[in-house]
Structure formats: C-alpha cells, structure tokens
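Open the model in your viewer and keep the selection tool at hand.

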Amino acid sequence: MILPIIGYGDPVLRKKGEVIAKDHPNLKEIVANMYDTMYNAYGVGLAAPQVGLSLRLFTIDTSPFSDDEDLSKEEQELLANFKKTFINPVMLKEEGEEWGFNEGCLSIPEVREDVYRHEKITIEYYDEDFNKHTDVYDGLIARVIQHEYDHIEGVLFTDKISSLKKRLIQKKLQNIMEGKTRPDYKMKFIAKKGR
C-alpha cells in the first residue's frame, strides 16, 4: 500500500526513532508498504519517520543510480543489485574523506543541495528476518545509508548545509510546510490534511 510521505516541518521528522521489537505488529507489512511508497515516489531510500512512524527502520534500493555512465562498471553493478532493509541500525564508524554530492529528499521536494559525507561506513543492523549483520559500505551506497540513517536520528540533509544556503531555500521550505508544493506522489503536510 502506498502511504503519504510526511513533508518538511512535521515533528515526526525530528524525533529519534524507537527501537523495534522482533515481534513488532505488522512489521513485514510496514516494510512492504515502505518499498511500495519509495518506488511510487521514484526514491532510492525511505525511512520510517517519512511515513509517520517514529521507528528505527529504513529501506534502500539504489538501482536507479546504476544508469550513471560516469560510474565504473563495478559500481554500476553494485548499485543495480543493492536492495536492503535496515532494522535497528547502529552506525559503528564513518571514515575516509568527506565528499560532496547533490542530495534531495522525498520529504523535502524540489530542494536539492550539495551535502558532504564520509566515503566509508560500518553499520550494524537487522534484516527483515531479524538476522543481525555488520557490513562495510562505501561510495553512493554509503551515502544513501547515511542519509536514511540521519532520518531515524531526527536529522535532515538541510541540517548539513551552510547557514547561507539555508537562508536561500527558506521560502521553499516554508512552501512545503504550507502544502504549496505539488510533487508527483502523495504527501501529508503539517498545514494541510492529505494532499
């Protein structure tokens, strides 16, 4: 089921997600709905707070990035086949040089800015079957994970840009809060009910 994506300004986007119990009700359904919602909005990642759930959960499918001809064949292949669910993730390490990339967010439509993130991460998480993993990622996969991980920590990509850039996008952010934006997917804004 496709869920409305929560727009910038909603308090749920600023809350730290709660740890999920193994017997959390309807967890498989929540995960399936998150993938449906993410694909419907042409996203590569979606965190539970973005659908109004203050949980430590996010889904990722980087296959849309695999078409980028500027990437090596190896990275294109990695991106084409990377689809994972992260439950109760813990970022163990962020390392390497920080590099910039123009990021966007389904909760902040029509706003894109360069964000600097570490090139390599180590993360511990549970999959949909509650099997524990500790994995190391780099490149675009690491970046998408860091972006979604920030969501479950109550952090948005706009928190990582300069104060000057924030002032320049302030009107766009206000328009999102007031529901004056019209992305091609269903959203819920704090100033309006539904879309």
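Select Ile108 and show its surroundings: leaving out residues up to four places away in sequence, Ile108 touches Tyr8, Leu156, Phe157, Thr158, Leu173 and Ile176, where contact means heavy atoms within 4.5 Å. This is a predicted model, in which local features need pLDDT of at least 70 and side-chain atom pairs count only at pLDDT 80 or more, while totals for chains, interfaces and linings use all residues. Residues are numbered from 1 along each chain as its sequence is written, and side-chain values use heavy atoms, with hydrogens and water left out.

Next, the core. Ile108 and Leu57 have the most contacts inside the largest nonpolar core, which has 36 residues. Such a core is a set of buried Ala, Val, Leu, Ile, Met, Phe, Trp, Tyr and Cys residues joined through side-chain atoms within 4.5 Å; buried means under 20% relative accessible area (1.4 Å probe, protein chains only).

Move to Val111, in strand β5; strands are DSSP runs (E, at least two residues) numbered from the N terminus. Is Val111 buried or exposed? Val111 counts as buried because its relative accessibility is 2%.

Now show β4 and β5, which run antiparallel and are joined by 13 bridges; two strands pair if DSSP finds at least two bridges between them. Glu94 has Ile121 of β5 as its bridge partner.

Finish at β6 (residues 132-138), which pairs with β5 in the antiparallel sense over seven bridges. In the hairpin of β5 and β6, five residues lie between the strands, and Phe130 takes a positive phi near 60°.

Note on methods: Buried means under 20% relative accessible area, exposed over 50%, partly exposed in between (1.4 Å probe, protein chains only). Helices (H or I, at least four residues) and strands (E, at least two) are DSSP runs, numbered from the N terminus.
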